[in-house]
Amino acid sequence: MESWRNPEAGMSTNELVRRAMYEARLLAKAELLHAKVELAKEARAARFSGVFLGGAAALSLVGLTLLFTAGAAALALPLWAGALLGAGVVFVLAAICAAIGWVKLPKKPMRHTLERLSMDLEEIRQHVELRKH
């Protein structure tokens, strides 16, 4: 076979292994660099979106406050009693939201990752034990 078509033909096994390891390291570095660039780009987009979503949330809270104030003023009660009733409704809604959020909160974060890591550690321990004997 012609060496210009297959430059690896004249290399020893050690040289081929070294070259493969070198190329694997280069590939890993390139993938890591690509991931960093992609993550930075997505982080910028997420930050931009976060600013506008935060603004929308703040404006929604202001609108909700104005809505409850208008509702309290429209009741056939003294203004202070209507405002107190409106505040009570808001606090009940907040308590319901907090309860739902508390129930949905992960009790054991990253459970699957921790299980896989513990399985990997156990496998390594077993391998080390077998190598000792």
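Here is a short chat about a predicted model of one protein chain.

User: Hi! How many helices and strands does the chain have?

Analyst: Hello! The secondary structure comes to three helices and zero strands. Going from the N terminus, the elements run α-α-α.

User: Okay, and is the chain spread out or a compact globule?

Analyst: The chain is more spread out than a compact globule, because its radius of gyration is 31 Å, well over the 14 Å that the globule rule gives for 133 residues. Along its principal axes, the C-alpha trace spans about 100 × 45 × 20 Å.

User: What share of the residues is buried, then?

Analyst: Buried residues make up 3% of the 133 residues in the chain. Buried here means under 20% relative accessible area.

User: And what about the accessible surface?

Analyst: The accessible surface of the chain comes to about 12,100 Å². Carbon and sulfur atoms account for 70% of that surface.

User: Switching topic: what volume does the largest pocket have?

Analyst: The largest pocket has a volume of about 240 Å³.

User: Which residues lie nearest its centre?

Analyst: Those are L64, T65, F68, G86 and V90, out of 13 residues that line the largest pocket.

User: Which helices supply the lining?

Analyst: α1 (13–74) and α2 (79–104) each supply at least two residues of the lining. The largest share, seven residues, comes from α1.

Notes:
Residues are numbered from 1 along each chain as its sequence is written. This is a predicted model: local features need pLDDT of at least 70, side-chain atom pairs count only at pLDDT 80 or more; totals for chains, interfaces and linings use all residues. Side-chain values use heavy atoms; hydrogens and water are left out. On a 1 Å grid over the protein atoms alone, a cavity is a set of points where a 1.4 Å probe fits but cannot get out, and a pocket is an open set with protein on both sides within 12 Å along at least five of seven lines; lining residues have an atom within 4 Å of a point. Grid points are joined across faces, edges and corners, and a volume is the space filled by probe spheres set on the points. Helices (H or I, at least four residues) and strands (E, at least two) are DSSP runs, numbered from the N terminus. The radius of gyration is taken over C-alpha atoms; the globule rule is 2.2 Å times the number of residues to the power 0.38. Buried means under 20% relative accessible area, exposed over 50%, partly exposed in between (1.4 Å probe, protein chains only). Accessible areas come from the Shrake-Rupley method with a 1.4 Å probe; for residues, only the protein chains shown count as cover.
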